[in-house]
Amino acid sequence: MTDLKAKPFYLDEEAIAWVESTIESMSLDEKVGQLFVQMRKSLDEEEIKNTLANYHQGGLRWQGGTMEQVYNQNKVYQENSRIPLLIAANCDNGGDGCLPEGTYVATAAEAAAGEGTKTAYDMGYVAGREASSVGVNWMFNPCADIFMNWRNTIVNTRAFGDNADRVIENIRAYIDGIHQSNVACCCKHFPGDGVEERDQHLVLGVNDLSVQEWNDSFRKVYQTMIDEGLESIMAGHIALPEMSRKLRPGIKDEEIMPATLAPELLTDLLRGEMGFNGLVITDASHMAGIACMERRETAVPKAIASGCDMFLFSNDMEEDFQYMKAGVEKGIITQERLHDSLRRILGLKAKLGLYKKERVVPAPELKNQITGCEEHIALAREAADRCITLVKDTKHDLPIDPVKQKRARLVFIQSTPVSKAYTGDPVKQVVVEELERAGFTVDVAPNFHDLEAAEGPKPEHMFQMIRCGSMKDFKAKYDVVFLVLNIKGYAQENNVRVRWSCNHSSELPWYLTEVPTVGISLNYTNHLIDVPQVHAFVNAYGNTRICIRTALEKICGKSEFKGTASETVFCGKWDTRL
């Protein structure tokens with residue numbers, strides 16, 4: 001049973017009395033509703049009131065909208081909920097994860113490349129301040145995964161390193177930064193991502209480490225954070241087969257489930273062996289890693305019965321609510337299990353002081369004073385200077401002198417557009433502006449997607465793209481080529497790689513043996529697998545103006561590279577080092 005006086009709650013008698021009296025006053029529907037964190041886009045006050053009256057949700061994950069809209073939505077929810085809500089956000093990189101006006105500080109991969117843990121602290125510090133200014137009180141961060149497999153693009157930029165010790169150092173600093181605001185943290189994705197290359201949005205994730213390997217890595221991370229008072233953990237739709245086989249001798253392969261549905265991983269291991277007393281929430285329930293494993297009416301209550309305390313998102317709110325309620329009525333979720341979860345949910349709310357109504361929603365002017373302030377921008381500049389990494393310069397092409405090598409060709413490779421509304425990647429223009437600011441004259445290589453968007457589908461565009469032309473003319477025209485990769489994927493494919501805008505494209509680096517070529521990644525750290533022949537390569541980590549400008553300053557020799565690349569950037573290949 002939950003001990004509300006112990007870590008991570010540390011509640012006094014007044015707070016515990018509120019938890020217990022609130023549970024006692026709740027109807028069955030209210031108790032069931034507390035188990036859900038919902039994601040809603042509506043800004044309509046009446047719709048919000050009706051949702052709360054019918055489903056009594058325990059938490060909210062905002063989705064979309066300006067800073068004013070997010071603030072107003074959170075305010076309306078809190079003002080109309082009998083029991084204060086946990087309001088969550090994903091802030092992997094800083095405040096920009098919560099608000100479009102928020103401050104990008106750095107990715108976890110960027111922080112891992114920098115010396116010390118200052119960048120990770122600043123990420124948490126900015127995220128906590130900007131998110132809490134609009135009413136967020138729970139961070140679905142930090143990511144406690146370990147980047148062991150270079151093919152894994154799910155946590156490539158979200159993991160704080162490729163070994164347990166480095167991850168521990170950074171997530172401890174991130175949590176410390178968050179805790180400068182009245183916001184709880186949530187480490188994810190237990191039992192750990194980063195071992196394989198598949199995405200649990202699309203398929204069951206599998207952490208196939210042996211029991212000893214897992215104990216030496218992911219368990220070490222989570223145990224350290226638990227011992228230091230971590231408030232909550234997000235269970236991933238990730239199986240840990242060797243541990244399940246150890247804890248459930250004779251378990252069949254078809255019975256091995258993701259952690260979200262595996263009592264041996266949550267109740268026996270996490271709660272029992274590891275002593276976690278805090279709140280456990282599922283990862284998003286629309287992901288295939290859970291959706292493809294059990295019938296929905298079984299999976300919804302089974303997640304709570306297995307040891308989760310809250311269920312993240314609904315495909316259909318009414319349907320999932322009834323599935324959960326039926327699970328209680330049928331005894332799938334016992335009364336003891338239900339009340340244990342409610343104590344943790346309300347215990348976390350009490351720890352945050354949410355039962356003291358004046359602490360639920362901040363003053364409206366606070367968000368304008370904090371979000372995107374100069375202090376936060378300065379921290380982003382520091383992070384870029386501290387972490388941007390020269391992965392290699394094997395032909396000694398750097399620094400590039402914009403006086404002597406003024407004529408630049410920009411080859412900009414972006415994620416493949418997924419909408420007919422596509423009108424171009426705005427980051428390309430930022431790159432052009434920053435190259436010109438650095439002193440280059442810039443000629444932008446054609447891009448198939450831009451040609452089609454501007455002129456409509458034409459067969460000539462393909463022929464235009466595949467024509468490389470004379471090498472002699474190319475060398476006479478350009479002094480340097482910048483190959484800039486702004487590629488990012490999400491829940492579409494298991495592994496995201498460099499994809500040129502068309503087949504046999506002239507974007508391919510056919511020019512690099514003749515003209516100095518500098519590759520720059522604005523996101524993933526593993527692009528060398530697809531452009532190993534580029535001899536000068538920089539990981540800039542972000543596609544913000546600050547990251548782009550700082551990277552170019554370093555490329556031009558105006559400041560030194562300070563970041564350190566891990567072995568994962570070379571993708572286990574010899575030719576990527578050349």
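Reader: Which residue stands opposite Ser521 in β16?

Author: That's Asn539, while Ser521 sits in strand β15. You're looking at a predicted model, where local features need pLDDT of at least 70, side-chain atom pairs count only at pLDDT 80 or more, and totals for chains, interfaces and linings use all residues. Residues are numbered from 1 along each chain as its sequence is written, and side-chain values use heavy atoms, with hydrogens and water left out.

Reader: What makes β15 and β16 strands that pair?

Author: DSSP has to find at least two bridges between two strands. Four bridges join β15 (residues 517-521) to β16 (residues 536-539), so they count as paired. The two run parallel. The strand names come from DSSP too: strands are E runs of at least two residues, helices are H or I runs of at least four, and both are numbered from the N terminus.

Reader: Why is Ser521 called buried?

Author: Buried means under 20% relative accessible area with a 1.4 Å probe, protein chains only (exposed is over 50%, partly exposed in between). Ser521 has 1%, so it's buried. Leaving aside residues up to four places away in sequence, Ser521 touches Leu485, His527, Phe537, Val538, Asn539, Ala540 and Tyr541; touching means heavy atoms within 4.5 Å.

Reader: What makes β11 and β13 edge strands?

Author: The open sheet has six strands in the order β11-β16-β15-β14-β12-β13, with mixed pairing. Both β11 (389-393) and β13 (441-444) pair on one side only, and that makes them the edges. On average, neighbouring strands of this sheet are turned by 20° against each other, direction ignored.

Reader: Which strands does helix α22 touch as it packs on the sheet?

Author: α22 (residues 545-555) touches β14 (480-486), β15 and β16. Its direction makes about 150° with that of β15, using lines fitted to C-alpha atoms (for helices, over the stretch in contact) and angles from 0 to 180 degrees between N-to-C directions.

Reader: How do you know what helix α18 should span?

Author: Take 1.5 Å times one less than its number of residues. With 13 residues, α18 (residues 426-438) should span 18 Å, and its end C-alpha atoms are 19 Å apart, so the two agree.

Reader: What lies at the start of α18, and what follows the helix?

Author: At the start, a side-chain oxygen of Asp425 comes within 2.9 Å of the backbone nitrogen of Val427. Gly439 follows α18, with a positive phi near 115°.

Reader: Which residues of α18 are buried?

Author: They're Val427, Lys428, Val430, Val431, Val432, Glu434 and Leu435. Among the elements they pack against are β12 (407-414), α19 (448-455) and α22.

Reader: What makes both faces of strand β2 covered?

Author: On one side Gly59 and Arg61 are buried, and on the other Leu60 and Trp62 are. β2 (residues 59-62) also has parallel partners: four bridges join β1 (residues 36-40) to β2, and three join β2 to β3 (residues 86-89). Val37 has Gly59 as its bridge partner in β2, and Leu60 has Ile87 in β3.

Reader: How mostly covered is helix α6 (residues 118-132), and how many of its residues are buried?

Author: 12 of its 15 residues are buried, including Thr119, Met123 and Tyr125. The buried ones pack against α5 (108-113), β4 (138-139), α7 (164-178), α16 (366-370) and α17 (374-387).

Technical notes
A polar contact is a pair of N or O atoms within 3.5 Å; within protein, one must be able to donate a hydrogen and the other to accept it, and residues adjacent in sequence count only if both atoms are side-chain atoms.
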